Amino acid sequence: MNCFDLTGKVALITGASSGIGAQQARALTAAGASVVLLGRRQNRLDELQLQLQASGAHATTLAADLGDLAQLDDIVSRCMEPWQRIDILCNTAGVNLRQHADEVTPESWDQTLDLNLKIPFFLAQKLIPQMALRGWGKIINVASLQSERAFANGIAYGASKGGILQLTRAMAQAWSSKGISCNAIAPGFFPTELTEPVFAQGDLSQQLADQTAIGRNGQLSDLDGLCVFLASHGSDYITGQTIYIDGGFTAK
Ligand SMILES: NC(=O)c1ccc[n+]([C@@H]2O[C@H](COP(=O)([O-])OP(=O)(O)OC[C@H]3O[C@@H](n4cnc5c(N)ncnc54)[C@H](O)[C@@H]3O)[C@@H](O)[C@H]2O)c1
Ligand SMILES: O=C(O)[C@H](O)[C@@H](O)[C@H](O)[C@H](O)CO
């Protein structure tokens, strides 16, 4: 048995229209999974769907805004339509407003905490029952360096990503006995739309690379192995963990 083979599994990926979510879609389909691509930009989802289909993968799109919790039941029923199952949930949609503490407002706080922390929990809660019926499932949350390290412009973001670390442990306590592993990946700095303002400052980008043990920032393809591993039978006895994939940044 190839314990990393995802043939027959269906993954829902939020934030799939760009960056880490789109890369997870490439990695999971390359390992045999079918994917439901959830994002707000239909044109971007369509482009990715075509690319994945060109390499023989099964992919569908679901244009939806996760900013409104009231829409979640409708979103969940739409994501179940294509294959009547979701085995793997990648909770990847996220936002970082990079505000100094003096500038954070109740609205910007809620926007960040709702998308980065609240939605991952409630989306999982709604998908767990059908995973539990089959006795197997995988929740993959996305943490951050800011689950561990504090940045002055990361008040709400850091709170949300610190929260993800503990939420992942609590989800694991609640659901692992049903055969559902709940883990998180914690990427270092990877070039995406989210980090454009960081990578646009060459000096800052180099300083961050210098803080890694490997000596460079991440490339999206660095994430593939961990993503497939956490989605597969290969990680069935791992749950409640946040795995840093940061070139050794947090090990320093
Ligand atoms: N890039 C990095 O260095 C890095 C490091 C650590 C963690 N992360 C995390 O990775 C995740 C993905 O970020 P990324 O770096 O790929 O950036 P990204 O901006 O490319 O991806 C975020 C995605 O979330 C989507 N999104 C935002 N608001 C949404 C909403 N209301 N409804 C639905 N989708 C919405 C965006 O459209 C985008 O596609 C985030 O949770 C981020 O915090 C990124
Ligand atoms: O972009 C930034 O300003 C933030 O520091 C984060 O979004 C990081 O990219 C990431 O979370 C680090 O792991």
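Strand β1 (residues 10-14) is mostly covered, with five of its five residues buried. Buried means that 20 or more other C-beta atoms lie within 10 Å of the residue's own; exposed means 12 or fewer, and partly exposed lies in between, with C-beta atoms placed from the backbone. Strands (E, at least two residues) and helices (H or I, at least four residues) are DSSP runs, numbered from the N terminus. This is a predicted model, in which local features need pLDDT of at least 70 and side-chain atom pairs count only at pLDDT 80 or more, while totals for chains, interfaces and linings use all residues. Residues are numbered from 1 along each chain as its sequence is written, and chains are lettered from A and ligands numbered from 1 in the order in which they are written.

Stay with β1. Val10, Leu12 and Thr14 point one way from the strand. Ala11 and Ile13 point the other way, and all of these residues are buried. β1 has strand neighbours to look at next. Strands count as paired if DSSP finds at least two bridges between them. Five bridges join β1 to strand β2 (residues 34-39), and the two run parallel. Leu12 has Val36 as its bridge partner in β2. The chain gets from β1 to β2 by way of helix α1, and this β-α-β crossover is right-handed. Right-handed means that, with the strands pointing away from the viewer, the path from the first strand over the helix to the second runs clockwise. β1 also pairs with strand β4 (residues 88-91), again in the parallel sense, over three bridges. There the bridge partner of Leu12 is Leu89.

Now follow the crossover helix. α1 has twelve residues and spans 17 Å from its first C-alpha to its last. That is close to the 16 Å expected at 1.5 Å a residue; the expected span is 1.5 Å times one less than the number of residues. The buried set includes Gly19, Gln23, Arg26 and Leu28. After α1 comes Gly32, with a positive phi near 110°.

α1 also matters for ligand 1. The helix (residues 19-30) gives the largest share of the shell around this ligand, three residues. In total, 26 residues surround ligand 1. A residue is near a molecule if its C-beta atom, placed from the backbone, lies within 6 Å of it. The closest are Gly15, Gly19, Gly94, Thr192 and Leu194. By class, the shell has ten nonpolar, 13 polar and three charged residues. Here Ala, Val, Leu, Ile, Met, Phe, Trp, Tyr, Cys and Pro count as nonpolar, Asp, Glu, Lys and Arg as charged, and the others, Gly among them, as polar.

Turn to ligand 2. The residues around it include Asn96, Arg98, Ser144, Phe151, Leu194 and Val198. This shell divides into six nonpolar, five polar and one charged.

Most residues other than glycine have a negative phi. Arg98 counts as partly exposed because it has 16 C-beta neighbours inside 10 Å. Gln84 also has a positive phi, about 60°, and is not a glycine. Its place is the loop between α3 (72-80) and β4. Gln84 counts as exposed because it has 8 C-beta neighbours inside 10 Å.

Leu115 is partly exposed, because 19 other C-beta atoms lie within 10 Å. The C-alpha atoms of Leu115 and Leu69 are 9.3 Å apart, though 46 residues separate the two along the chain.

Last, go to strand β6 (residues 180-187). Four bridges join β6 to β7, and the two run parallel. Ala184 stands opposite Thr242 in β7. β7 (residues 242-245) has a covered face, Thr242 and Tyr244. Its uncovered face is Ile243 and Ile245. Asn183 lies in β6. This residue is buried because 24 other C-beta atoms lie within 10 Å. Asn183 and Thr168 are 15 residues apart in sequence, and 5.9 Å apart from C-alpha to C-alpha.
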